[in-house]
Structure formats: C-alpha cells, structure tokens
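User: I would like to learn how to read salt bridges in a structure. Please show me one and walk me through it.

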Amino acid sequence: MKFLASSLFLSILIAASTLGCPSTSPTGRIRSLSDMVTGRAAHTATLLTDGRVLIVGGFRNGGTSLREAEIFAADTGTFSPTGSLSTPRSGHTATMLPDGKILIAGGFDGTYLDSSEIFDPKTGKFTPGGRLTLPRSEHTATKLADGRILLSGGVGTGWTFLSDAEIYDPRTGRFTPTGRMSVPRESHTATKLAGGNVLITGGHKDRRSAITIYASTEIYDVTRGVFLPGPDLTIKRHKHDAVILADGRVLISGGSDERDGRAPYNSLEIVDPASGRTRRVGETASARYKLNGAVVRLPSGKILIAGGSDTSEIFDPVTEKVTPVEGSFGSARLFATATLLKDGRVLIAGGYDRSTKVGQGAWIYESLDR
C-alpha cells in the first residue's frame, strides 16, 4: 500500500512537470539600477545599433503624455536626457529603420495623432516624419523583411477602433494604406513570422459593457498585402504579449478577458503557423496583463516574461517549463518595457503599479545559466 501511494505521488509529480507548471529553481535574477530621468508608462524602448537604448514618451502620473526622451547607456547602467519630441506621445510605436534611425509613429497627446518623427542617434534629435493615413494610438508596428513597417489597428479619433492597416516605406518616407483586418483591434499583438508574414493575435474593440475581446488571429500576407484568417487562440485575450520562438512558433502569454485587471491570466499557449494549430503549454506562477513589450526572447532561446507583475519568470520552449527569476520590482509593472541588450542582459524600465502610480524604476535581468 505504501508502495502504491509512493508510486501515485511520483506519477503526479511527473505529470505536473510535463504540463509546464512553474518550477522553484531560479534561472536568472533582476537587480535594480539608478532611476530613469523621468517616470513613465506606455512608453517605448528601442535598442540602437551602438548598444544604447532610446526611451521615448509615455505618460506621467495623472495621464499626461510626455515629450521627454532619454538614453540608457548599458556600459554605465545610467540614464541621461536626449532631444525632445515635437509632440508629446503615449501609446505610440518606435521602430528601427534600415539606416539605424528610429521611426516614432502615432500615439496620443489628448488627441489621436497622425504625425510621426524620426530620431537620429548621431545627433540625438527628433525631426518631423510623414503623416500616417489615419490618426492612431495603441496600434502595432512590425518591421518587415524589406525594411518597410506595417502599422495595424489601434484607436483613432472619437475612440474609433481601427481595422485599418498601413505601410511606411523608408525609401519615400510615406505611409500608404494596405489591406484591412477582418475586425477592429486594440491591445492586440503583431509578430513577424519566419517566412516574413505577420501574425496578429487577440485584442478587442469597444469599451466597458460593449467590449468584445477576440480569440481570433489573422496573418498579414506580405506578398499580397492582405490579411488572412489564422488559427484561433485557445481563449480570448487582450493586453497580452506574443514573441516568436527560435523554431518559428509563437508564444502567447498573459492578458485578460472582460474582467481586465480583476482576473488577469497566467496561461500560456503556442501558435504553430506551420501546422495552423494552437495549444496550451502551462502557466506562469504570477497572473499578468498589460505586458505587451515586456516579454523577450533571450540568446539561449528561452523567454523572459518580465511585465505585468512584481516578479519575472522564464519559459523554456524545449521543456515547456516555467522557472522563477530571483528578485522583485517591488510592485506590479504594467505597461513597462523590456529590451534585450547586446550582451544578453535585459533592461526593464518604467510602468505603473496596480494603483496606476507611474514609476521611474529600472532593472537589469541577468541569466544564471552562464
């Protein structure tokens, strides 16, 4: 009888280990840095070609959008001011162009913006860029294989939820319309796939009692400039994140349904574009939402899930196990950023806590696998 009980207990442990349940052995740690110059959330953080990180815009306590930008120097671990935006922006996007400059597009400053700006790392200044085809904020921006940038969805003038998409061409500096998504989407994700197409997942339209949250996905066909149906997620979700794995599959993490911050998800799932299938792969120890832009694929192929909670975790796509990261942010980091540095560390910056207090804090993730 004791043998049977022991065997049963062992079987349960083995089963749990194969379901992606969180492990207890840390594989990395976070440590705090000196604060950013300006506290901010819903900002962007972009790795420059010289290894520095450009941090742009976002909003401060009270929700006012920022024009301030700053630079993180990885060698010293410090932040310093750089040139300012001509227009304050939060909910914008920042994407590196083929020449190393950064395109800042759209966003919100009390109105929805159709303007763009270009940051030059050599001069530290922003200059005006082209006009978007539509004002939009909380959209996605995805750099395509040929250097063009796909902007999709978001919110426009009058809280209009957008199914429209457009292409920025760095050769002409112009934005032009492209195919439309099947539904309007905000708080969705866009991930460039191994073949060059773009996977759009989840998101929502409308607000409060009228909100509709999607389990659907779409695939932007770069050659034809159209969106095609993709495989449904296992559950509807918005305010989640998506990152491509080394083998071409896409990991979807966190988010929530209509309950929003009252019931964030700890579920993980993988979309396999090659087979057109989606499946659950376990859970994180901490429930997370508002983590878009704070999930990073590390040089090892493992995934750092840094946002949406007060701690970080690592997902191993080979074993499909989740392990903790040593250290804490002290409070949940919502609408924070995580940026992979050239030396394999990750900069985690800003965000707000569950009381919507915006922070200046910054942290570095370091692997313990070295």
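User: Which residue forms a salt bridge with R31?

Analyst: First, the general idea: side chains of opposite charge can pair when their charged atoms come close. A salt bridge here is a side-chain nitrogen of Lys or Arg within 4 Å of a carboxyl oxygen of Asp or Glu. In this structure, R31 pairs with E366, and their closest N and O atoms are 3.4 Å apart. The two sit 335 residues apart, E366 in strand β32 (residues 362–367) and R31 in strand β1 (residues 28–32). Strands (E, at least two residues) are DSSP runs, numbered from the N terminus.

User: What should I know about the model and the numbering?

Analyst: The model is predicted: local features need pLDDT of at least 70, side-chain atom pairs count only at pLDDT 80 or more, and totals for chains, interfaces and linings use all residues. Residues are numbered from 1 along each chain as its sequence is written, and side-chain values use heavy atoms, without hydrogens and water.

User: Is E366 buried or exposed?

Analyst: Buried means under 20% relative accessible area, exposed over 50%, partly exposed in between (1.4 Å probe, protein chains only). E366 is buried at 15%. R31 is partly exposed at 36%.

User: How many salt bridges are found in the whole structure?

Analyst: The search finds 23. Among them is R89 with E117, at 3.1 Å from N to O. R89 is buried at 0%, and E117 is buried at 1%. Another joins D247 and R249, with 2.8 Å between the closest N and O atoms. D247 is exposed at 51%, whereas R249 is buried at 15%.

Notes:
Helix = DSSP H or I, 4+ residues; strand = E, 2+ residues; numbered from the N terminus.
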